[in-house]
Amino acid sequence: MYRLQDAFEEAKSAFEKALETADDVGAKARSLIGLGEVYRLQGRTDEAKHYFGQSEEQYSSIGHELGRANALVGLGHVYLAESKYQEAVESFTQAREASAKFGSTPGQLQAYDGHGSTACKGEVLRQAMDSYTWAGATYAYTGNDLGGANALAGLGEAYYAQGRYTEAATLQKQAESIYGRIGDQLGRANTLRGMGNTYYAQCRYGEAEGALSKAEEIYRRVGSNQGRANALDGLGSVYTAQSKYSDAEKRLNEAQDIYRRMNDRLGEANVAYGLGHVYNALCRPSDALQAFEQARTNYSDIRDEHGVADALGGLGDVHRSQGKYKEAEEFFKQAESIYLRTNDDLGLANTLRGLGDVFSPQSRYTEAEKLYWRAMVLSDRLGDKHGRANALNGLGNTFCAQSRFGEAREFYEEAEAMFSLLGDELGRASAVKGVGDLALAEQRYDDANSLYMKAREHFCRLNNDVGIADVSLKRGHVCREQGRYSDAVRLYEEAEVLYSRIANDEGKTSARHWLDIAIGLRTE
């Protein structure tokens with residue numbers, strides 16, 4: 001009862017008192033497993049492993065297979081929290097075997113739940129689906145609401161890992177309702193966090209923020225540090241997607257502090273990856289590179305291939321924004337290789353789009369176009385609206401550079417509409433700038449200047465020096481074409497300073513080139 005009420009300190013004291021007064025091995029083992037569960041729920045994995053391990057030894061000494069199975073299930077969940085999937089599989093396997101010896105359906109159910117969670121996180125999805133479906137059916141037959149909610153939540157996680165977000169959200173909502181009805185606050189918080197992640201994947205950012213904020217509030221109230229850090233990490237991603245970088249950085253740093261205290265390497269890696277994107281969007285390339293490198297190191301240490309690939313993609317983005325296309329291409333291709341090997345279509349789509357962004361500025365238009373189309377097909381299949389919008393914007397840039405203005409305009413307009421709908425101000429600014437590029441190419445200079453000023457307003461609100469520099473350079477072109485050479489000089493100088501600040505050597509060289517031309521025209 002104490003654990004269900006999440007009264008951790010009270011429960012800890014009660015179990016410690018029970019351990020001191022226990023007069024037989026079984027009673028000691030039960031108290032030890034209770035202490036392990038209290039520490040597990042607080043994210044204190046070292047203490048949890050210690051007590052679960054002692055409990056398993058005590059139960060083994062008296063041949064109590066059911067008790068041993070429960071202790072092993074606890075150990076399995078701790079290993080999951082530490083991303084030690086092989087150890088988790090071994091613990092759950094031993095638990096299921098012990099339960100079978102005892103003839104315990106509840107024990108087997110707990111082990112099946114654990115297997116489902118391990119398989120889902122390890123992406124052995126068929127095994128996860130089988131385990132959760134079997135467990136859910138049996139829980140429903142026996143009228144076990146808590147077990148049923150656990151199975152629904154686990155099955156939702158398996159659907160989420162497959163990119164089947166609509167089904168995942170439906171199951172998660174059902175599980176959250178059951179947890180709320182039976183008063184399991186921690187179960188409800190975990191499911192709300194899962195719902196937040198699902199909504200985020202669907203670009204339903206308002207709902208994602210709501211679910212994750214509720215989860216964070218519950219975790220804070222019941223004292224679950226692990227849960228709270230995970231919810232804060234999720235909120236960081238939601239705010240980043242909406243270009244709310246100050247809010248994102250704040251939440252991610254809060255999460256990082258918690259993960260470091262817990263020595264959670266996976267959590268630290270996830271937050272570093274998130275901060276890398278925030279810093280890159282804020283044009284802080286040194287900070288971004290450091291964050292992505294830290295993420296790659298941590299992911300590599302815990303053998304998380306998908307994480308390594310994500311970090312490589314982040315490094316590619318930073319180098320691309322600095323005009324370092326050779327290095328960017330190398331990072332993206334390393335990421336692409338991992339995504340292909342692990343059948344990660346979402347990661348692959350993002351990487352193909354990244355490569356397109358590398359090839360297009362180098363006038364490798366045929367390659368870029370093919371990459372954007374492939375990325376868009378994958379994004380559409382996954383229901384990733386953000387991915388589609390980014391691919392559309394890339395196609396607009398590529399077609400505009402080839403003077404295919406009609407097609408480019410259609411891509412930009414659809415991209416801007418999608419970015420607006422998603423609340424992505426940075427994406428919208430990029431699309432508006434693209435339409436300005438069209439007007440400049442068509443010699444509609446007043447329209448071009450108006451569009452560039454609109455894009456600049458967005459970039460300035462976001463403190464995005466890359467966007468501001470790009471707009472200053474293009475407005476310099478407008479002024480030069482209109483014979484306003486003094487204004488052109490001022491704008492080219494502004495662009496050169498900004499490109500220098502963000503270490504974009506290609507941009508700096510281009511701005512200097514046009515600045516010299518404008519100065520020459522002004523003195524004639």
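Gln58 touches Val25, Ala29 and Leu32, leaving aside residues up to four places away in sequence. In this predicted model, Gln58 sits in helix α3, which covers residues 45-61. Gln58 and Gly26 are 32 residues apart along the chain, but their C-alpha atoms are separated by 7.3 Å. Is Gln58 buried, partly exposed or exposed? Its relative accessible area is 26%. Buried means under 20% and exposed means over 50%, so Gln58 counts as partly exposed.

The next topic is how helices pack against each other. Two packed helices are described by the angle between their axes and by the distance between those axes. Take helix α9 (residues 165-182) and helix α10 (residues 185-201): their axes come within 9 Å and cross at roughly 160°. Angles over 145 degrees count as roughly antiparallel, and α9 and α10 are therefore roughly antiparallel to each other. Their crossing is left-handed. On the α9 side, the residues that meet α10 include Tyr165, Ala168, Gln172 and Tyr179. On the α10 side, Arg188, Leu192, Met195 and Tyr199 are among the residues in the contact. By class, the residues of this contact divide into nine nonpolar, six polar and three charged.

Helix α25 (residues 485-501) and helix α26 (residues 505-523) have axes that come within 8 Å and cross at roughly 160°. That angle makes α25 roughly antiparallel to α26. The crossing of α25 and α26 is left-handed. Among the α25 residues in the contact are Val489, Tyr492, Glu496 and Tyr499, and among those of α26 are Lys508, Trp514, Leu515 and Ile519. What classes of residue make up the contact of α25 with α26? There are 12 nonpolar, three polar and five charged residues.

Two residues of this contact, Tyr492 in α25 and Trp514 in α26, also touch His477. His477 has its place in helix α24, residues 465-481. Leu440 is another residue that His477 touches, again not counting residues up to four places away in sequence. The relative accessibility of His477 is 11%. Because this is under the 20% limit, His477 counts as buried.

How many disulfides does a search of the whole structure find? The search finds zero. Cys283 has a relative accessibility of 10% and so counts as buried. Cys460, with a relative accessible area of 29%, is partly exposed.

Definitions and conventions. Residues are numbered from 1 along each chain as its sequence is written. This is a predicted model: local features need pLDDT of at least 70, side-chain atom pairs count only at pLDDT 80 or more; totals for chains, interfaces and linings use all residues. Side-chain values use heavy atoms; hydrogens and water are left out. Helices (H or I, at least four residues) and strands (E, at least two) are DSSP runs, numbered from the N terminus. Buried means under 20% relative accessible area, exposed over 50%, partly exposed in between (1.4 Å probe, protein chains only). Contact means heavy atoms within 4.5 Å. Axes are lines fitted to C-alpha atoms, for helices over the stretch in contact, and angles run from 0 to 180 degrees between N-to-C directions. Angles under 35 degrees count as roughly parallel, over 145 as roughly antiparallel, 65 to 115 as roughly perpendicular and the rest as oblique. A crossing is left-handed if the near helix is turned anticlockwise from the far one by less than a right angle, and right-handed if clockwise. Ala, Val, Leu, Ile, Met, Phe, Trp, Tyr, Cys and Pro count as nonpolar, Asp, Glu, Lys and Arg as charged, and the others, Gly among them, as polar. A disulfide is a pair of cysteine sulfur atoms within 2.5 Å.
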